[in-house]
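Hi everyone, thanks for coming. Have a look at the chain on the screen while I walk you through it.

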Amino acid sequence: MNRAQRRWTLASILLLAFLVSPDASAQAPTKTATVRLGWQPLAGGTAAINMVMMRDKLFEKAAERLGYKITTDWKPFAAGPPLNEAMLSGLLDIDMNISALPTASRLSSGIPAVPIAITGSNIANAIMVRPGSPIDEVSKLQGKTIALPVGTAAHYVVASVVQTHFAKTVEEAGIKIINMPVSEAVKIPQGVDAGAVWVPLRFIGPAQGLSESLVDANGWTGKGSAKPNTRLPEVQKAWGYPEGYITDRLYTFAHERFLAEHPDVALAFVLAFMEGQDWVLKNFEASVALANETWKQPDVVARHTLQTYAETAGVRQAPFVLEWDVASVRKASEFLQSAKLRDTAIGWDELKQKFSKSAALQKRAWETGTMKPSLEDMRKGFDGKSELYGAIRINGGEPVWNWDSVPDWGRRVLAK
């Protein structure tokens, strides 16, 4: 064999090795899927991460590495209840930014969807009042009229604040609730005394001179309070303490049919979310600009928003379901029962049946993704502080893939 023949043979061997290597097969997708995604543009810091995912096609790239060529269709929604309707109707494959209350409703209603990730923490929803309002203390909410979207996280916060401070339901406290979109509630229109909204609306109100925060879900007062920038002592009596009056999260779901048919695509979403979060944390100024392209608000709104959510403030870098994440749904379900919106609260066996379906997927994401907090870090929870919001505490616990190995997984955190 002459030198030229030897070079040709060596080149052929190298080419063959490349073609059969795992990396090469990952670069040549063999499966295709169209993915319909529901998201909420006004879902705070999580929405900013979604914007990065869309702009940079992180989901498509992650899927391609797992052997899929996907086409994505991102559909915007205003709140959790419409997302529930769309998922029930089979119009979505993956949806995100679903807080604990609509998540509890979803699971109780038998909507065929499985939680696959936690994509939002420190859901600092707030009760807003007019600038200069005489309602400058929580005690003055009794007998007043509050505007909010019924059955959402904003409703839940009002009920939790009232229960913690007065040991009463909203009705027992003489508070009248008017069903209203957060985009209107933040304006405190004529005929109402206060409004309950979520991030970034709670920052849009002050920026436009429409309203100021009286108190938020973590017990921190705003400029609408007689004592601003103070954490109210009553929050220490709440079941969600030290996190807040409650614990709340934003959950991402995959339709059961879609998860069964394309588990690697669901995994790709979680991996892509981690990449998007990592980009936001490393490119804060660019993330502020990107968020403002969608929100069309003053710069301060995006800055406050990104420093409020635990994911974009860098406090929680673990989109995996932990004990407190499931306990948050259990407590939200109890609220629905107490408010007579559901006959019964969803039980732990039902919660396990749903959440465990994605346990293996989440463990794979933890093992292979860009973020890998230790088990000990997840057990302890997450503490941090941002310049514009302040102290942030997120309760944690054992990850969902350890449910069977930990006695009273989830139940135990609410028993303390």
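Helices (H or I, at least four residues) and strands (E, at least two) are DSSP runs, numbered from the N terminus. Also, this is a predicted model, where local features need pLDDT of at least 70, side-chain atom pairs count only at pLDDT 80 or more, and totals for chains, interfaces and linings use all residues. Residues are numbered from 1 along each chain as its sequence is written, and side-chain values use heavy atoms, with hydrogens and water left out.

Okay, the sheet. Five strands make an open sheet with mixed pairing, and the order is E7-E6-E8-E5-E9. Strand E7 (176–179) and strand E9 (212–216) are at the edges with a single partner strand each, so one side of each has no neighbour in the sheet. On average, neighbouring strands here are turned by 30 degrees against each other, direction ignored. The axes behind that are lines fitted to C-alpha atoms, for helices over the stretch in contact, and angles run from 0 to 180 degrees between N-to-C directions.

Let's zoom in on one pair. Strand E6 (residues 145–148) and E7 run parallel, joined by four bridges. Which residue in E7 is the bridge partner of Ala147? That's Ile178.

Now, helix H7 (residues 153–166) packs on this sheet, and touches strand E5 (126–129), E6, strand E8 (194–197) and E9. Contact here means heavy atoms within 4.5 Å. The direction of H7 makes about 150 degrees with that of E6.

Zooming out: the chain has 18 helices and twelve strands. Of its 416 residues, 56% count as buried, meaning under 20% relative accessible area, with exposed over 50% and partly exposed in between (1.4 Å probe, protein chains only).

Last topic, the aromatics. Rings of Phe, Tyr and Trp (its six-membered ring) pair if their centres lie within 6.5 Å; planes under 30 degrees apart are stacked, over 60 edge-to-face, and the rest tilted. The whole structure has nine aromatic pairs. In one of them, Phe59 and Phe269 sit edge-to-face, 5.6 Å centre to centre with 85 degrees between the planes. Phe59 is in helix H4 (residues 58–65) and Phe269 in helix H11 (residues 263–282), so this pair ties together parts 210 residues apart in sequence. Both Phe59 and Phe269 are buried.

Then there's Trp403 with Trp409, a stacked pair: 4.0 Å centre to centre, 20 degrees between the planes. Trp403 and Trp409 are both buried too.

How values were computed. Two strands pair if DSSP finds at least two bridges between them.
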